[in-house]
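The following report describes selected features of a protein model.

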Amino acid sequence: MVPDRGLPGRVWGVASSRDSFDVVVVGAGIVGAFCADRLSAAGLRVCVIDRGAVVSGTTGAGEGNILVSDKEPGPELDLALLSRRLWFDLLDELPEAVELDAKGGLIVSRTQDGLAALVAGADEQQAHGIDTLVVGADELASLEPHLAPGLAGGVHYPQDMQVQPMLAAAHLLRRARSQGADVRPHTELLTIERGPDGVVTGALTRGGLLGCRWVVNAAGTWGGEVAAMAGAPVPVLPRRGFILVTEPLRPGTVRHKVYGADYVANVASDSAGLETSPVVESTRSGTVLIGASRERVGFDRTTSYDVLGRLAAQATELFPVLRSVRAQRTYRGFRPYCPDHLPVIGLDSRADGLVHACGHEGAGIGLAPGTALLVTEAITGSPLSMPLDAFSPLRFGEGA
Amino acid sequence: MSDSRHQHADVVVIGAGPSGLAAAVEASVDGQHVVLLDQGARVGGAYWRHSPAHLDRTAEVDVHHDVATFRRLLDRLDRVDVRTEHTVWGLEQLTEGFRVRALQGEVSRTAVVLDAPSVVVATGTHDRVTPFRGWTLPGVMTAGGGQALLKGTLVAPGARVLLAGSGPLLLVVADGLLRSGVDVAAVVESGHPTKYAVHPRAWSGLSSRTQEATTYLATLARHRVPYLAGWSVVEAHGTDRVDRVTVGTRRGKTRDFEVDALLVSHGFTPQLELLHQVGPETRIDGDGSVVVVVDEEQRTSVPGVLATGEVTGVGGASLAILEGYVAGRSLSRRPVDPAVHKRIAVHRRFAQAMHAVHGPRVDWTQDLPDSEVVCRCEEVTAGEIRDACRDLGIDDARGAKLMTRAGMGLCQGRMCGRAVADLVVASTGRPTAPLSAARDAYRQPAMPVPLSVLAEESLGSSDAAPPHN
Amino acid sequence: MSDDERPAREQFVVHVDGDPLTAYDGDTIAAVLVRDGRVSWRRTRNGDRPRGIFCGIGACQDCLVSVDGVRGVRACVAPAFPEAYVSTDEGARGE
């Protein structure tokens with residue numbers, strides 16, 4: 001097994017020809033952008049490619065959440081906490097540019113049993129470094145005046161935040177360019193070239209061959225396709241989600257990301273087919289975003305009125321005031337998920353030079369900077385900020 | 001959803017303008033259940049806006065809009081199930097047939113669902129306006145909007161009106177205003193209609209058009225209204241409403257007019273939102289518009305969906321009526337005289353000639369300062385869009401939307417979409433791919449829908465049983 | 001069109017921000033407002049700028065009013081009806 005560090009004695013930054021790099025990052029979404037930024041800051045010569053425009057994948061189809069509330073203790077929570085700290089480095093510089101909204105999250109439950117389970121889960125999260133505040137039934141209204149009456153209570157997570165992820169990715173790519181990175185949208189990857197010893201030598205694109213020692217697979221929902229090109233498959237599959245966007249509302253109608261207690265359980269489920277849970281979230285522009293649905297339907301882009309209907313019904317149950325409010329837009333995205341709902345991060349011993357950074361399901365925005373840090377550490381042979389075993393591309397068994 | 005709201009028909013025609021009326025009338029001849037939907041309180045669309053009283057007059061008030069044809073179509077509507085005040089927001093392809101979702105009543109917003117094996121989309125256009133300095137001032141409206149006020153409700157858009165932009169609509173509206181006693185300060189056309197001479201064949205067979213244009217110009221002359229060709233709006237001035245407009249030539253000559261209303265139109269944008277929901281083949285027409293491809297029976301590439309009128313290519317009301325007629329005959333399985341197809345061809349040729357002469361100036365973005373709003377709903381400026389292109393690597397209209405919010409407001413990019421695309425092209429030098437952009441323009445719903453209406457969908461089942469009467 | 005040419009039309013009252021205005025059969029709410037001399041009746045959310053009719057056919061969503069408590073009504077599409085209560089409070093500080 002290859003240790004989680006780069007080869008000793010490697011010399012960086014000597015690539016001189018226009019199409020020769022140290023690292024090719026595949027995917028100009030939020031994860032690719034963070035990777036490009038950190039790798040170029042570390043002195044590596046980086047090229048970011050994307051078959052579409054920048055931010056044309058799932059990054060542009062989500063809500064931009066940076067959450068700790070929906071993470072159970074374990075590797076994903078550890079990555080989320082690491083990543084959240086790193087988000088603040090960027091936000092210190094560009095809070096307005098990326099429209100940071102540190103509004104917090106509120107999980108509510110209709111039943112006493114549900115509330116008890118919520119509180120128990122919150123206690124565990126608290127023990128692992130998440131701020132949580134139990135909110136009694138009579139206190140809910142002070143946090144969210146328009147919540148339906150009769151809820152049992154909830155848990156408030158002040159650390160949940162939202163950013164505008166497209167702007168964040170765009171600013172990161174801009175910074176990467178200023179650090180010497182090349183950003184090439186509309187450049188489709190065709191295959192990953194390897195030498196006779198199996199080591200990565202380049203990325204063949206529609207625009208020509210890019211020589212490189214490392215390829216970072218930040219292709220999100222298409223990460224499985226990219227991995228296959230290097231003969232190192234990973235089972236990243238699409239999980240479709242719809243979002244409703246309301247017309248702009250009076251500020252303060254909804255104040256947090258509010259969701260029903262079964263949201264977390266929804267994510268960890270393995271059943272095929274549709275799952276929905278109520279999520280209602282304010283935005284700085286005044287619209288309210290309504291989710292959340294998960295389905296395994298491949299890349300089916302057609303509208304499911306049934307799903308839209310369920311999302312609307314759930315949202316209006318939580319916030320009856322929304323019944324007469326209109327949806328002005330709906331959109332859908334395809335979350336990249338792995339069977340165990342954990343991302344794939346790190347070196348792949350099946351293809352020396354291939355580094356994965358994908359499969360973040362619905363948590364990509366929050367987990368992106370932590371992923372980029374780990375990827376950079378793996379490539380440069382620096383000590384890892386956290387173990388990568390749980391995210392290993394080899395964990396799925398042979399022929400994944 | 002409850003059965004009382006879920007209905008069936010043989011044909012649903014969406015849009016009761018000239019082509020929708022013609023299609024519905026013809027399709028109903030053999031006794032099929034034809035439902036005709038329109039968002040307005042009356043049929044006629046944006047073209048036939050005549051108030052009931054106006055229509056009853058026997059005087060030849062509006063010969064240029066062929067009111068006689070309108071009356072003939074109205075007389076034949078008795079077999080059509082006409083439903084006004086229905087705003088369609090969703091068109092869904094089922095395993096068999098289609099489901100049309102609408103809201104009845106602009107205020108009541110009641111859910112209406114109709115299933116039918118055939119749908120005719122005749123949703124027409126809205127005016128196209130390229131942004132200019134001061135275009136968001138009250139009193140600045142589209143020429144079509146001003147005409148709708150006047151024709152439909154006999155209300156003048158202002159006391160003294162300037163018309164500007166490009167296209168034959170300007171003359172038509174000016175004529176209407178003058179006949180109604182409204183003071184028209186000038187008609188300002190950015191194109192050079194003398195260029196029509198380059199397309200003589202296009203005018204053949206359409207002597208009526210030449211006649212019309214001459215009549216309009218004569219009316220202008222009679223009222224001493226200047227017609228300035230090769231001029232365009234430089235700026236609309238005013239504090240909370242327009243009170244003065246500066247127009248100018250390419251070479252920098254300018255003139256001011258004191259007016260309280262400015263009616264603008266740079267052409268038309270076909271309204272394809274519902275069609276995009278089922279994804280038929282589209283193409284770019286001579287005026288740069290995305291339009292739907294149809295065969296000689298007005299069928300789109302989606303079996304069961306027909307399209308008529310401006311959505312197949314901007315070409316005027318006469319062409320629209322012919323297309324509707326053809327679609328209606330196709331749906332009622334009756335042949336069409338080849339002479340009709342010849343007439344359609346003549347009209348389409350003429351339309352292409354018009355497209356070549358009219359439209360916004362190709363380099364219109366050069367005259368737009370950074371400070372001017374481009375997206376009216378979200379108040380995004382040209383500068384913000386240019387900054388996104390320059391600083392954030394944006395190279396397509398979708399990216400501009402995601403970064404600046406342009407196109408994310410209530411009108412969902414209808415007013416600003418083309419302008420944003422033009423600005424991105426001008427900033428990046430990168431040509432757009434408008435067809436794929438249109439294909440990816442996932443605009444669902446086509447109009448805002450109350451969440452309570454959407455919520456009813458979750459109780460419904462999958463595809464309906466085969467439609468019955 | 002001069003008054004003596006205009007045929008008589010059914011009249012009724014529409015209340016706009018509490019003021020009774022005369023409306024005629026076939027009027028849209030926008031027509032009632034414009035006939036009363038108003039050119040704008042709404043403020044934008046971000047810039048607090050005045051708006052009224054722009055496209056005039058229901059596409060631009062600029063001309064919004066509230067009618068009988070229902071928000072976001074397109075004045076250029078909605079027919080005026082007797083005793084309609086119209087309020088022009090759609091805008092920057094409202095919903």
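How many helices and strands does the secondary structure of chain C comprise? The model is a predicted one, and in it chain C has 1 helix and 7 strands. Along the sequence these elements follow the pattern β-β-α-β-β-β-β-β. Chain C has 95 residues, of which 55% are buried. Of the contacts in chain C between residues at least 6 apart in sequence, 37% join residues at least 24 apart.

**Sheets**

Strands of a sheet pair through backbone hydrogen bonds, in either a parallel or an antiparallel sense. An open sheet of 9 strands, with mixed pairing, has the order 5(A)-6(A)-4(A)-14(A)-15(A)-16(A)-13(A)-17(A)-24(B). Its edges are strand 5 (133-136) of chain A and strand 24 (449-450) of chain B, each of which pairs on one side only. Strand 5 of chain A runs antiparallel to strand 6 (residues 153-157) of chain A, and 4 bridges join them. Within strand 6 of chain A, A:His156 stands opposite A:Leu133.

| Helix | Strands of chain A touched | Angle |
|---|---|---|
| Helix 8 (residues 305-318) of chain A | strand 4, strand 13 (237-246), strand 14 (257-260), strand 15 (275-282), strand 16 (288-294), strand 17 (326-337) | about 55 degrees with strand 15 of chain A |

Strand 15 of chain A contains A:Glu275. Is A:Glu275 buried or exposed? Its relative accessible area is 10%, under the 20% limit, and A:Glu275 therefore counts as buried. The side chain of A:Glu275 makes a polar contact with the side chain of A:Arg239 at 3.1 Å.

Another open sheet consists of 3 strands of chain A in the order 9-10-11, with antiparallel pairing. Strand 9 (189-194) and strand 11 (208-211) of chain A are the edge strands, each pairing on one side only. From one strand to the next, the twist averages 25 degrees. The antiparallel pairing of strand 10 (residues 200-205) with strand 11 of chain A extends over 4 bridges. In one of the pairs, A:Thr205 has A:Gly208 of strand 11 as its bridge partner.

**Helix 10 of chain B**

Helix 10 (residues 338-357) of chain B has 20 residues, which at 1.5 Å a residue should span 28 Å; the end C-alpha atoms are 30 Å apart, so the two values agree. At the start of this helix, a side-chain oxygen of B:Asp337 comes to within 2.9 Å of the backbone nitrogen of B:Ala339. The buried residues of the helix include B:Val340, B:Ile344, B:His347, B:Phe350 and B:Met354. An α-helix has 3.6 residues a turn, so residues three or four places apart point the same way. After helix 10 of chain B comes B:Gly359, with a positive phi near 120 degrees.

In soluble globular proteins, nonpolar side chains tend to be buried together. Here the largest nonpolar core has 107 residues, and those with the most contacts inside it are A:Ile30, A:Trp87, A:Val216, B:Leu162 and B:Leu262. Helix 9 (residues 364-380) of chain A contributes the largest share of this core, 9 residues. Leaving aside residues up to four places away in sequence, A:Ile30 touches A:Thr59, A:Trp87, A:Pro165, A:Ala168, A:Ala169, A:Leu172, A:Gly364, A:Ile365 and A:Ala368. A second, separate core has 47 residues, among them B:Val187, B:Leu220, C:Ala23 and C:Cys63.

Conventions
Residues numbered from 1 in each chain as written. Chains lettered and ligands numbered in written order. Predicted model: local features only at pLDDT ≥ 70, side-chain atom pairs only at ≥ 80, totals over all residues. Heavy atoms only, no water. Pairing = 2+ DSSP bridges. Helix = DSSP H or I, 4+ residues; strand = E, 2+ residues; numbered from the N terminus. Axes fitted to C-alpha atoms, helices over the stretch in contact; angles between N-to-C directions. Core = buried A, V, L, I, M, F, W, Y, C linked by side-chain atoms within 4.5 Å. Buried < 20%, exposed > 50% of the residue type's maximum accessible area, 1.4 Å probe, protein only. Contact = heavy atoms within 4.5 Å. Polar contact = N/O pair within 3.5 Å; in protein donor to acceptor, adjacent residues only side chain to side chain. Expected span 1.5 Å × (residues − 1).
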